[in-house]
Amino acid sequence: MIADFDYQFFIEVLVGGLLSGVMYSLVAIGFVLIYKTSGVLNFAQGALLLFAALTFVSLVERGVPFALALVATFAIMVAIGIAIERTVLRPLTNKPPITLFMATLGLSYIIEGAAQLIWGTQVHGLDLGIEDVPLEVGGVLISQFDIFAAVVAAGMVLLLSLFFRYTRIGLSFRAVADDQFAALAVGLRLPLIWATVWAAAGLVALVAGLLWGARLGVQFSLSLVVLKALPVLVLGGFDSILGAIVGGLLIGASEKLAEVYIGDYFGGGIESWFAYVVALAFLLIRPSGLFGQKLVERV
Amino acid sequence: MTAITSNFSAAPVLPKWMASVLLLAFAYGVVPLIGSSYLFEAILLPFLALGLAGVGLNILTGYAGQVSLGSAAFMAAGAFAAYNLNLRVEGLPLIGSIFLAGIVAAAIGIVFGLPSLRLKGFYLAVSTLAAQFFVQWALTKFSWFSNESASGVIDAPRLSIGGLALDGAVGRYLFALTIVSILTFLAYRLVSSQTGRNFIAIRDNETAARIIGIPVLKTKLLAFAISSFIIGVAGVIWAFAYLRTVEPAGFDLDRSFQILFIIIIGGLASIRGAFFGAALIVVFPLGLSRLGGFLLGDVFDSGVLDMSQRIVLGALIILFLILEPDGLVALWDRIRRRLLFAWQST
């Protein structure tokens, strides 16, 4: 049995899984950004992702040049971030996190509805101009598109980490994340910080939306990728960007391996829940995730 | 957690139970005589099923403070368990299979409630999604659950209790009303009992609850079990009395959110609130489609309707969270007090 084990195939599955895990991480990072600064699990991240991708595709289809469409979509995402801060977050300041979570649930309904009401419900193809020819590395076939996505994700993580560590506004993000009251007391402008962080989450949503959109086509089901990102978050800890990456890799790899090697025993199609089971099993050992701060109690 | 106090202020004029008795008398004595079949099929039956599901979730989320995003899974578990019990167990009366279906849902609830012993808040909320996806997958994947029918569709059995056939719209309404009334009464008794107080204590401060001697782990699992039992029976009503033909896809994540919305809009930690919320959730799409058709005519097709429903529903959630965090129940009580005050001062 062991002798028959096809290592090359195993590695191919593993690498494919790791790379698709990067795609999950991309979505998860958007959640982490908001959770870090406002302690909110932003369920609307998937809706933002859908909105960004749909807006971009529709602009391009109407003849707007690629770069201009990118800038315009980003501007719209910033505007949405500011609007959310004004209308939803500000009136709910200092409310329990679970109330804010439910508000983002409502928000996701509004954004999904609006996106499709404005741009229609048909499926759009999205071509980012990256050829998806498998690359052969040491006898293992790897999708070129996946590598591109991984590079983009790595770049974004690097950028965000530098931003959080070395800029003044990054520092104030961390201050707000630590203690909202204290941050207000020393004169940090909470509205500005929240608007910025939601805009940043909008940017992450745009990038993730484009990559996922190129993969799946831009359509409603794009907003369901949040459901893929949630176990990643649980595994990595809600407030750690590093956790989102590692969690994504772990989930992606174990999901693919499970689907290929043990999926048949369950009759297939186990990817809808397998990630959750992995995350849960892990949580029973470490209740605040891999890299999460040990303060889940406060919730 | 949310600081919601139970409403202890008694109604000033009538004893508290009088209102319920009058309402029940009206529901049993008057509604069946004057209601049209549209009223039963499109409004009252989904209202009763969703209201009961809301009661179940409110016990878990509103009282015990454990947020669950997997309610639809327990509805599905109840519906499919009742179907299979009814089909496979000879001589089991309908009521028996409904009760046992509730027990099955409760058992599944305990299993998926186990993470609550170590997880809190969002981590727990996300882990309840596991129930949502796993149950839906199992019901679709293994056709044994649906007696080998295509894509897991099940047809409800004939409804009859003690030889009394209840297949018409009115019969199914009375069937649902009876079950819902009994369970709601029991839930009401539960939340004002010691167990209910324990739930609230755990919600408000778990450490304090543990210190005053409440068995936290046991109580949490009990909350999961009772909540899942009620939601499971609500699922049976949904499948047997309301839709008559259901498939696992009908119990998707959107349904779970719908039930969560019901208790947010109606009022967390309020048994009445679940029904207020359910009434709004059931009537509002019907109203919106009428209104949209009336104002916009042909432009308002089903796609537009669907999207605008989502938008308005989302906006309603946010509005309630900001303006009336205690839900429709608080709004209702305030209006009633004002009216009473105005009436007494004249």
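User: Start with residues 96-119 of chain A: how far apart are the end C-alpha atoms, and what is the span made of?
Analyst: The end C-alpha atoms of residues 96-119 of chain A are 35 Å apart, and the span is 96% helix and 0% strand. Helices here are DSSP runs of H or I with at least four residues, strands are E runs of at least two, and both are numbered from the N terminus. Bear in mind that this is a predicted model: local features need pLDDT of at least 70, side-chain atom pairs count only at pLDDT 80 or more, and totals for chains, interfaces and linings use all residues. Residues are numbered from 1 along each chain as its sequence is written, while chains are lettered from A and ligands numbered from 1 in the order in which they are written.

User: What does UniProt call that stretch?
Analyst: An unreviewed UniProt entry lists it under "transmembrane region", together with 13-33, 40-60, 66-84, 139-164, 192-212, 232-253 and 265-285 of chain A. UniProt positions are in the numbering used here, feature names are shortened, and annotations may be inferred rather than shown by experiment.

User: And 232-253 of chain A, how far apart are its ends?
Analyst: The end C-alpha atoms of residues 232-253 of chain A lie 12 Å apart, with 82% helix and 0% strand in the span.

User: OK, the chain contact. How many residues on each side?
Analyst: 38 residues of chain A are in contact with 34 residues of chain B, where contact means C-beta atoms, placed from the backbone, within 7 Å. Helices H4 (97-119), H9 (225-236) and H11 (274-285) of chain A each supply at least two residues of the side that touches chain B. H4(A) gives the most to that side, with 16 residues.

User: What kinds of residues does chain A put there?
Analyst: On the side of chain A that touches chain B there are 28 nonpolar residues, eight polar and two charged. Nonpolar here is Ala, Val, Leu, Ile, Met, Phe, Trp, Tyr, Cys and Pro; charged is Asp, Glu, Lys and Arg; the others, Gly among them, are polar.

User: Switching to packing. Which residues have the most contacts inside the largest nonpolar core?
Analyst: Leu49(A), Ala49(B), Ala176(B) and Ile237(B), in a core of 204 residues. Helix H8 (residues 190-216) of chain A gives the most to this core, with 18 residues. A nonpolar core is a set of buried Ala, Val, Leu, Ile, Met, Phe, Trp, Tyr and Cys residues joined through C-beta atoms within 7 Å. A residue is buried with 20 or more other C-beta atoms within 10 Å of its own, exposed with 12 or fewer, and partly exposed in between, with C-beta atoms placed from the backbone.

User: What does Ala49(B) contact?
Analyst: Beyond its neighbours within four places in sequence, Ala49(B) is in contact with Ala176(B), Ala234(B), Ile237(B), Trp238(B) and Tyr242(B).

User: Is H10(B) mostly covered or mostly open?
Analyst: Mostly covered, as 12 of the 14 residues of H10(B) are buried. Among them are Arg255(B), Gln258(B) and Phe261(B). Helix H10 of chain B runs over residues 253-266, and its end C-alpha atoms are 20 Å apart, which agrees with the 20 Å that its 14 residues should span at 1.5 Å a residue. That expected span is 1.5 Å times one less than the number of residues. H10(B) is followed by Gly267(B), which has a positive phi near 135°.

User: Which non-glycine residues have positive phi?
Analyst: Asn147(B) is one of them, with phi near 55°, and Arg244(B) has a phi of about 70°. Asn147(B) sits in the loop between helix H5 (121-141) and strand E1 (154-155) of chain B, and is partly exposed because it has 14 C-beta neighbours inside 10 Å. Arg244(B) is in the loop between helix H9 (216-243) and strand E4 (245-246) of chain B; it is also partly exposed, with 16 other C-beta atoms within 10 Å.

User: Last one, what's the makeup of each chain?
Analyst: Chain B has 13 helices and four strands, and chain A has 11 helices and two strands. Of the 346 residues of chain B, 48% are buried; for the 299 residues of chain A, 47% are.

Definitions and conventions: Contact = placed C-beta atoms within 7 Å.
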